[in-house]
Amino acid sequence: MMEQQVKSRQRVSDHGEVFTAEREVNAMLDLVKQETERVDSRFLEPACGDGNFVVEILRRKLAAAKKRATPPKQQTVVPLEFEKQSVIAVASIYGVDLLQDNVIACRQRLYDIWNTEYEAVCDNEVDEACRSTVRFILNRNIVCGNALTLMCVDEHQQDTRKPIIFSEWTLPFNDTRIQRKDYSFAELMQSATIEDIIRKTGQMDLFADRNGEVEPIFLQQYIFDYRRPQNYDTQP
Ligand SMILES: C[S@@+](CC[C@H](N)C(=O)[O-])C[C@H]1O[C@@H](n2cnc3c(N)ncnc32)[C@H](O)[C@@H]1O
């Protein structure tokens, strides 16, 4: 079946909106195959459209999450370990797009892919609070903004006064608590140097330890339990 690559002529001429076909997406992702098959490697798509690249990245990461949640020499996935790995996978994917309808569609596609796997693996152990956390993470990670000015935009694609903020999500405590640290996109771009890009085999780590170089300054830090999302915005 031919995939639809253009929604309207107007959108192509106004925003350069042409979607990439699945075959090309996969060929391009294969250029960084190892990273796409690591649960926690971070990806940012600065013109994500409705998500053709990020959904494929999530599919690959969820396959990796299943492997990670399967003990050696066993065939069955441990559901709660998969749940945790799958949350890490979702939280490692970031996107920006100018058009609100694309952003909403992109979040939904990512959620549906995650939720289908979650139900298939975790079955009667699925948890509504965890679902709600994943929606919360997707709302923060897939941003309606301008990747050139680094600002959020309104429904007319005009810059607002709100800078794009990205959260770094980690699970450092060996339980279900997530640490969220917020950074402005501008700050992350400023502290990323050319040396970062070269040293890391052609790739840039968005938040990473910068080996003695200036680290980006975070704005806020929160800790919450992904199975108790009412505490999302509680600072430690
Ligand atoms: C060529 S399409 C690619 C979409 C998707 N990456 C894909 O390959 O299917 C470009 C996308 O970039 C968005 N876009 C254009 N200018 C942008 C900007 N300054 N910041 C963020 N997104 C932008 C458009 O709305 C459109 O969805």
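This is a predicted model: local features need pLDDT of at least 70, side-chain atom pairs count only at pLDDT 80 or more; totals for chains, interfaces and linings use all residues.
**Entry 1: the chain as a whole**

I started with the secondary structure and found nine helices and eight strands in the protein chain. I then looked up burial: of the 236 residues, 44% are buried. I took buried to mean under 20% relative accessible area. For the surface I noted about 13000 Å² of accessible area, with 51% of it belonging to carbon and sulfur atoms. I also checked how far apart in sequence the contacting residues are. Counting contacts between residues at least 6 apart, I found that 64% join residues at least 24 apart.

**Entry 2: the sheet**

Next I traced the strands. Five of them form an open sheet, and I read their order as S1-S2-S3-S4-S5, with mixed pairing. Which strands stand at the edges? I found strand S1 (43-45) and strand S5 (159-163) there. Each has a single partner strand, so one side of each is left without a neighbour in the sheet. I noted an average twist of 45° from one strand to the next.

**Entry 3**

I looked at one pair of strands in detail. Strand S2 covers residues 93-97 and strand S3 covers residues 142-146; the two pair in the parallel sense, over three bridges. Within this pair I found Val96 opposite Val143 in S3.

I then asked what packs on the sheet here. Helix H6 (residues 100-122) does, and it touches S2 and S3. I noted an angle of about 160° between the direction of H6 and that of S3. Helix H7 (residues 128-141) also packs on the sheet and touches S2 and S3. For H7 the angle with the direction of S3 is about 15°.

**Entry 4: the ligand**

How many residues are around it, and which come nearest? I found 21 residues around the ligand, and the nearest are Thr20, Glu45, Ala47, Asp97 and Ala147.

Glu45 has one that lies 2.8 Å from a ligand nitrogen atom. In the side chain of Asn52, an N or O atom is 3.3 Å from an oxygen atom of the ligand. For Asn102 I noted a polar side-chain atom at 3.2 Å from a ligand oxygen atom.

On its own the ligand has 600 Å² of accessible area, and the protein covers 85% of that.

Definitions and conventions. Residues are numbered from 1 along each chain as its sequence is written. Side-chain values use heavy atoms; hydrogens and water are left out. Helices (H or I, at least four residues) and strands (E, at least two) are DSSP runs, numbered from the N terminus. Buried means under 20% relative accessible area, exposed over 50%, partly exposed in between (1.4 Å probe, protein chains only). Contact means heavy atoms within 4.5 Å. Accessible areas come from the Shrake-Rupley method with a 1.4 Å probe; for residues, only the protein chains shown count as cover. Two strands pair if DSSP finds at least two bridges between them. Axes are lines fitted to C-alpha atoms, for helices over the stretch in contact, and angles run from 0 to 180 degrees between N-to-C directions. A residue is near a molecule or strand if one of its heavy atoms lies within 4 Å of it. A polar contact is a pair of N or O atoms within 3.5 Å; within protein, one must be able to donate a hydrogen and the other to accept it, and residues adjacent in sequence count only if both atoms are side-chain atoms.
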